[in-house]
Amino acid sequence: KLRLICDVRQSLAGAAGDLDEDWLACAARRTGSGLAIAAAVMLAEKTFGPTEHGRLAELPGNGVAVRLADRLLTPSVVLGSEGWWGAFRRGLFRELLKRAPSGLS
């Protein structure tokens, strides 16, 4: 779980080159992954601190879903494998991913 968060953080920091935000927005629109991308960016920043591309978390047009995901996901909820509260919050986030509109505007 931590490796995925590290990969997102390195991508945001430009470890593999400049981040093409326009391409990412277009790909997220085509695949419906805007909420998942926003959640990954928010979680990477909560875990490792802000980056230049932190505003990517604000790209999705489904602001309510993004704000809810931001409240549900914390580093301890994602990285912790035990406890009913964390499991409950992870389950709510999975349902949010299924039901919320996830394209970018």
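User: Which way does α4 pass α6, left-handed or right-handed?

Analyst: A crossing is left-handed if the near helix is turned anticlockwise from the far one by less than a right angle, and right-handed if clockwise. Here α4 passes α6 in a left-handed crossing. Helices (H or I, at least four residues) are DSSP runs, numbered from the N terminus. This is a predicted model, where local features need pLDDT of at least 70, side-chain atom pairs count only at pLDDT 80 or more, and totals for chains, interfaces and linings use all residues. Residues are numbered from 1 along each chain as its sequence is written, and side-chain values use heavy atoms, with hydrogens and water left out.

User: At what angle do α4 and α6 pack?

Analyst: Two packed helices are described by the angle between their axes and the distance between the axes. Axes are lines fitted to C-alpha atoms, for helices over the stretch in contact, and angles run from 0 to 180 degrees between N-to-C directions. Helix α4 (residues 63–72) and helix α6 (residues 84–99) pack at about 160°, with axes 10 Å apart. That makes α4 roughly antiparallel to α6. Angles under 35 degrees count as roughly parallel, over 145 as roughly antiparallel, 65 to 115 as roughly perpendicular and the rest as oblique.

User: Which residues make the contact of α4 with α6?

Analyst: Contact means heavy atoms within 4.5 Å. From α4 come Ala65, Leu68, Ala69, Arg71 and Leu72; from α6 come Arg89, Leu92, Phe93 and Leu96. By class, this contact of α4 with α6 has 7 nonpolar, no polar and 2 charged residues. Ala, Val, Leu, Ile, Met, Phe, Trp, Tyr, Cys and Pro count as nonpolar, Asp, Glu, Lys and Arg as charged, and the others, Gly among them, as polar.

User: How do α1 and α3 pack?

Analyst: Their angle is about 95°, and their axes are 9 Å apart. So α1 is roughly perpendicular to α3. Leu2, Ile5, Cys6, Val8, Arg9 and Leu12 in α1 meet Ala40, Val41, Leu43, Ala44, Thr47 and Phe48 in α3. That contact of α1 with α3 divides into 10 nonpolar, 1 polar and 1 charged.

User: What is the angle between α3 and α4?

Analyst: α3 and α4 pack at about 35°, with axes 10 Å apart. Their crossing is right-handed. Leu35, Ala38, Met42 and Lys46 of α3 contact Ala65, Val66, Ala69 and Asp70 of α4.

Technical notes:
Helix = DSSP H or I, 4+ residues; strand = E, 2+ residues; numbered from the N terminus.
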